[in-house]
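Subject: Structure handover

Hello,

The structure is below, followed by notes on what was found in it. Please read the notes with the coordinates open.

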Amino acid sequence: MAIRALSQKKLLKSFSLRYFSPKPLNTAASASPSASSSISINLTEKPESILQNHLAALSANTNNSSYINLHDAEKLFSSVSTTKLLRATANLHLASMEPIVDLGMWVMNSKLMDMEVFRDIVLAFVKHTFYEHFCAGENALATENTVRSLNSGGAGLRAMLVYAVEYASDNQSCDRNLEAFLDTVEIAKSLPPSSVSFIIVKLSAICPMKLLERVSDLLRWQYKDSSFNLPWKLDTLPIFSDISPTYHTLKRPEPLTLEEEHDLQLGHQRLLKICQKCLDANVPLTIDAEHTSVQPAIDYLTYSSAIMYNKYDNIVMYGTIQAYLKDAKERLLLASKAADNIGIPMGFKLVRGAYMSSERKLASSLGFESPIHNSIQETHACYNECASFMIDKIANGPGALVLATHNVESGKIAVAKAHDLGIGRVSQKLEFAQLYGMSEPLSFGLRNAGFQVSKYMPFGPVEIVIPYLLRRAEENRGLLSASSLDRQLMRKELKRRLKAAVI
């Protein structure tokens, strides 16, 4: 399928003029004095003050704050017990202290963990603090109970279930992880309908990492040289844009060996088994994004599977776009347009991105510019532009969107636009998401505003989940240390409950 034959520059220019021109989201509301005076939210900490000029105008000219109330702590935490609120406050306070995070990461990676007694003590501490706060449980029963608690009792949040294994190095590990992912779908089937919104899979857990790197090298070289033949390649959507990083592949790679081709086929078959299981269970599947060194292969397998399984309005397979990458917007536009052209409804999860430090280190070591935006403001702007494009698209056509964000301003802008276009209010096309244990006020505020909200819920034995927790601690250290809004609102509600109990 010659998807790349599309004129990328012409396509991107026309889409940019249509979706990214500096115009207010709600001109009628912004023109109305009563609308501008109806803003009811008063956050206790300022959101990011700088976005690109047109996004600042969007935020200023839209009464988006009136849709999400993050001021009423009593209402936000009405479904949370006092015990859980106390533990959450304590855990977030610990996680916000960077020296504690640094010490924990050093200990977990040290040889001290080879001492059985020391290891048992450390794992017990982790289990009853950070693990219980950020993870759903060690086994199926514990996970089911956590999901039920999250979805019922007034919480009304949904679960994105992920077996939190990081990556595999051989087919035996991949097969073992496959069974765990298939069991995850079984957990979803055993729970009340709609309490699980997505199954999440990390492709490097079911296809060896080294093979994903090899496939990515070959895909990059074919993008540079269209005459480069890849006989194993299936129909897919665009994977690269003209500004995508290709420094990972500086010389022509050798073709896959017969063994590598066989392993690639096995990896794809594992993914298709999960797709079929999700289709049978009526639970969509989302593929997480990973390092740029393997992302081309991940996108290739995701999109080729989506072409097979996404039919009519039933979107089984979702891809993930990382907005901190400079090429994110262009790749989203190209993949979305190509999907439309062949009649495939495509779902996307939009995140800001992980792996920031490793991406910058790799690019610098090779003498190239970082693939990540130069500032957090540029990342915010890219995220909001991609969200705006997709909200416009799903309001008037096929597709679906998951906005995974902990940023209050991005949430407010997206909610306002969705409201203006008549999306939301339990729409199946739009879902907001946050990590389990983080940004609870935003999750509850979005829920109270009538939108579907999910929590990304990793689960599995503590020893298996430890690498996941370490990676999350590293990539979210800035977010955790800046999570004062969450902690302030929690403390405010705890004080109110204490005062009410005393009186």
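The expected span of a helix is 1.5 Å times one less than its number of residues. Helix α16, residues 376–396, has 21 residues, so it should span 30 Å, and the 31 Å between its end C-alpha atoms agrees with that. Please keep in mind that this is a predicted model. Of the 21 residues of α16, 16 are buried, so the helix is largely enclosed by the rest of the structure.

β1 (residues 158–163) pairs with β2 in the parallel sense, over four bridges; V162 has I200 of β2 as its bridge partner. β2 also pairs with β3 (residues 285–287), again in the parallel sense, over three bridges. Here the bridge partner of I200 is T286 in β3.

Last, the nonpolar cores. The largest has 112 residues, and the members that touch the most others in it are I199, L285 and L403. Leaving aside residues up to four places away in sequence, I199 touches L161, T184, V185, A188, C278, V283, P284, L285 and T286. Another core, of 33 residues, lies apart from the largest one and includes V107, I315, A404 and V465.

Regards

Terms used:
Residues numbered from 1 in each chain as written. Predicted model: local features only at pLDDT ≥ 70, side-chain atom pairs only at ≥ 80, totals over all residues. Heavy atoms only, no water. Core = buried A, V, L, I, M, F, W, Y, C linked by side-chain atoms within 4.5 Å. Buried < 20%, exposed > 50% of the residue type's maximum accessible area, 1.4 Å probe, protein only. Contact = heavy atoms within 4.5 Å. Helix = DSSP H or I, 4+ residues; strand = E, 2+ residues; numbered from the N terminus. Pairing = 2+ DSSP bridges.
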